[in-house]
Amino acid sequence: MILALVIVLIVAGFAGAAALWWRSHTKYVEGRKEHWFKAFAAERGGTFHSGVAGDANPAPTFGVIHPTGRPLAESGHKSWVEFRHRDRPVIAVDGQEPYRHFDDHTYFRDIHVTQVQVPPSPELRIVPGKALSMPTLPPDSPLEGELTRWLAANPRFAQRDVVVEHGSARTWGQGCATRQNIVADAGYLADLADELPAALWSVSDGAS
């Protein structure tokens with residue numbers, strides 16, 4: 001009798017947990033479909049991708065999903081919107097990235113990535129407080145030296161992480177995307193692309 005009651009309680013517990021998971025998952029999918037990017041895309045004449053499996057959405061025309069350079073086509077469950085800002089194509093991404101906590105468990109935190117389309121060029125990385133780097137060029141490249149001097153003369157562009165590669169310039173930050181931060185980030189990247197020395201764009205992507 002007691003054993004049967006315990007079994008019933010255990011089954012009921014698992015059923016309740018499954019119901020909570022399903023409800024949470026359903027809300028997650030619905031939330032992705034109704035992401036504010038959808039309205040933003042309509043306002044800007046852009047395109048929206050919910051990141052929900054099975055949804056028929058247009059493919060992005062350029063860009064990557066994550067600061068590490070993971071392609072946007074492999075983004076998984078991440079919402080993105082493509083639009084134009086100051087006549088430049090822009091993609092904004094709202095997603096999550098995994099990280100290890102002190103208890104050695106994997107958790108997820110919100111991250112947003114904004115990127116503008118630029119001409120092909122060698123990879124350029126700007127990290128605040130550190131030297132500019134161009135991993136695809138030989139050490140002591142004249143171009144890297146020129147860009148380092150340019151960055152020193154334009155300290156505004158040395159204040160945040162930026163990567164230029166694969167025809168896009170991107171920056172990112174923790175937290176969900178907002179209208180304010182994606183428009184501000186797009187403006188910042190457009191300014192950067194306009195001001196970078198022309199020599200960067202005259203070298204083909206990945207050239208040594």
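This is a predicted model: local features need pLDDT of at least 70, side-chain atom pairs count only at pLDDT 80 or more; totals for chains, interfaces and linings use all residues.
A pair of aromatic rings is described by the distance of the centres and the angle of the planes. A search of the whole structure gave five aromatic pairs. One of them joins Trp36 and Phe40. Trp36 is partly exposed, with a relative accessible area of 25%. Phe40, by contrast, is buried, at 2%.

Phe40 also pairs with Phe83. Here the centres are 4.9 Å apart and the planes stand at 90 degrees, so this pair too is edge-to-face. Phe40 belongs to helix α2, which covers residues 37–44. Phe83 belongs to strand β2, which covers residues 79–85. The pair therefore ties together parts that are 43 residues apart in sequence. Phe83 has a relative accessibility of 2%. It counts as buried because this value is under 20%.

These contacts belong to a wider group. Trp36, Phe37, Phe40 and Phe83 form one aromatic cluster.

The charged end of Arg160 sits over the ring of Tyr188. Its distance from the ring centre is 4.9 Å.

Technical notes. Residues are numbered from 1 along each chain as its sequence is written. Side-chain values use heavy atoms; hydrogens and water are left out. Rings of Phe, Tyr and Trp (its six-membered ring) pair if their centres lie within 6.5 Å; planes under 30 degrees apart count as stacked, over 60 as edge-to-face and the rest as tilted. Buried means under 20% relative accessible area, exposed over 50%, partly exposed in between (1.4 Å probe, protein chains only). Helices (H or I, at least four residues) and strands (E, at least two) are DSSP runs, numbered from the N terminus. A charge sits over a ring if NZ of Lys or CZ of Arg is within 6 Å of the ring centre and within 35 degrees of the ring normal.
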